[in-house]
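Trainee: I would like to learn how to read a structure like this one. Please take me through a few features in turn.

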Amino acid sequence: MEFDDIADSYVSQRARIPRDLVQWLLKAIEKLHSRTVAEVGCGPAYILQDFSNHAAKLIAIDVSYEMLALVSHRLKTALTIQARGEALPLKDQSADLIVFCRSIHLMDHHLALREAVRISSKAALISVITEAPNEGKYTAAEFCPEISDLRAVSRRAYPTKPQLQEAAEQAGLTLASFRSFEVTSTYTITDYVNYHLLRPFSYSFGVSPTIWENLVSKLNFALRENLDTDGVTDRFIYNSYILTSRTSN
Ligand SMILES: C[S@@+](CC[C@H](N)C(=O)[O-])C[C@H]1O[C@@H](n2cnc3c(N)ncnc32)[C@H](O)[C@@H]1O
């Protein structure tokens with residue numbers, strides 16, 4: 001399983017979710033009555049943890065056993081379920097907030113949204129958060145033009161806003177709110193390179209592993225040649241969608 005192999009390093013190398021995004025979401029869920037929050041493709045369940053003081057029940061769902069083992073360790077109050085986002089073993093109308101954080105691009109997003117609608121309670125919200133490298137200037141790009149290729153591939157991985165909206169409409173959802181957040185993270189060169197290597201980019205982005213590894217090794221070389229410090233800065237855009245079921249309006 002792709003993410004099983006990287007679960008431990010994921011925790012140290014992964015960019016954190018912007019705090020203002022979490023605050024924005026927390027504000028949105030105030031309206032929910034009974035709060036069962038499910039994160040689909042939860043990984044270590046960072047964002048689910050942010051809801052722990054605001055929810056009656058937390059459900060962490062992932063295909064990766066290793067990721068779920070991390071969740072059991074880190075967030076003991078969460079119920080962990082090994083399942084695919086496209087076929088959830090949850091009852092109809094059993095969750096009040098369903099979150100896909102940096103995970104919907106790894107699923108068939110049409111099926112995943114339909115499943116989310118099926119498990120949604122009447123007033124439920126569905127939150128989809130996508131992550132893409134910023135197109136603007138940042139430290140690593142100054143030294144390694146090849147990174148543009150990596151980043152262009154990353155940007156293509158997620159459904160675009162029109163694609164996501166179309167899939168949401170087909171699943172019977174309406175876009176209630178949308179906001180973009182920008183986050184800048186600083187990594188050591190080793191973490192930054194390992195993060196690109198270890199993340200199963202090549203599979204999820206449809207690039208051959210050899211081409212991918214070649215790009216990452218050029219990145220590694222360029223950074224080590226040119227950077228005195230071990231500080232690589234990268235910027236990401238987080239698009240955050242809040243969707244509601246049409247029947248709940
Ligand atoms: C990039 S990680 C995001 C983890 C976490 N939500 C975060 O923001 O840090 C994507 C996660 O989705 C999981 N995943 C991939 N395909 C999936 C699927 N079809 N159904 C459920 N989870 C899936 C992976 O195992 C991985 O843990």
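Predicted model: local features only at pLDDT ≥ 70, side-chain atom pairs only at ≥ 80, totals over all residues.

Trainee: What holds the strands of a sheet together, and in what order do the strands lie here?

Mentor: Strands of a sheet pair through backbone hydrogen bonds, and the pairing may be parallel or antiparallel. In this model seven strands make an open sheet with mixed pairing, and the order across it is S3-S2-S1-S4-S5-S7-S6. From one strand to the next, the twist averages 20°.

Trainee: In which sense do S4 and S5 pair, and over how many bridges?

Mentor: Strand S4 (residues 95-101) and strand S5 (residues 120-133) pair in the parallel sense, over six bridges. To follow this on the model, find Ile98, whose bridge partner in S5 is Ile126. Then find Cys101, which stands opposite Ile129 in S5.

Trainee: How many residues of S5 are buried?

Mentor: Of the 14 residues in S5, eleven are buried, so the strand is mostly covered. For the side chains, the general idea is that in a regular strand they alternate between the two faces of the sheet.

Trainee: Next, the helices. At what angle do H5 and H8 pack?

Mentor: Helix H5 (residues 109-119) and helix H8 (residues 161-170) pack at about 45°, and their axes are 9 Å apart. That angle makes H5 oblique to H8. The crossing of H5 past H8 is right-handed.

Trainee: Which residues make the contact?

Mentor: H5 contributes His109, His110 and Leu113, while H8 contributes Leu164, Ala167, Ala168 and Gln170. By type, the residues of this contact are four nonpolar, three polar and no charged.

Trainee: Which residues of H5 are buried, and what covers them?

Mentor: The buried residues of H5 are His109, Ala112, Leu113, Glu115, Ala116, Val117 and Ile119. Their cover includes H8 as well as strand S1 (36-40), S4, S5, S6 and strand S7 (232-245).

Trainee: What should I look for in the backbone angles?

Mentor: Most residues other than glycine have a negative phi. Ala45 is not a glycine, yet its phi is positive, about 65°. Gln93 also has a positive phi, near 55°.

Trainee: Where do Ala45 and Gln93 lie?

Mentor: Ala45 is in the loop between S1 and helix H3 (46-50). Gln93 is in the loop between S3 and S4.

Trainee: Is each of them buried or partly exposed?

Mentor: Count the other C-beta atoms within 10 Å; 20 or more means buried. Ala45 has 27 such neighbours, so Ala45 counts as buried. Gln93 has 13, so Gln93 is partly exposed.

Trainee: How far apart are Ala69 and Pro44, in sequence and in space?

Mentor: Ala69 and Pro44 are 25 residues apart in sequence, and their C-alpha atoms are 8.6 Å apart in space. Ala69 lies in helix H4 (residues 65-74). With 15 other C-beta atoms within 10 Å, Ala69 is partly exposed.

Definitions and conventions
Residues numbered from 1 in each chain as written. Pairing = 2+ DSSP bridges. Helix = DSSP H or I, 4+ residues; strand = E, 2+ residues; numbered from the N terminus. Axes fitted to C-alpha atoms, helices over the stretch in contact; angles between N-to-C directions. Parallel < 35°, antiparallel > 145°, perpendicular 65-115°, else oblique. Left-handed = near helix turned anticlockwise from the far one by under 90°. Contact = placed C-beta atoms within 7 Å. Nonpolar A, V, L, I, M, F, W, Y, C, P; charged D, E, K, R; others polar. Buried ≥ 20, exposed ≤ 12 C-beta atoms within 10 Å, placed from the backbone.
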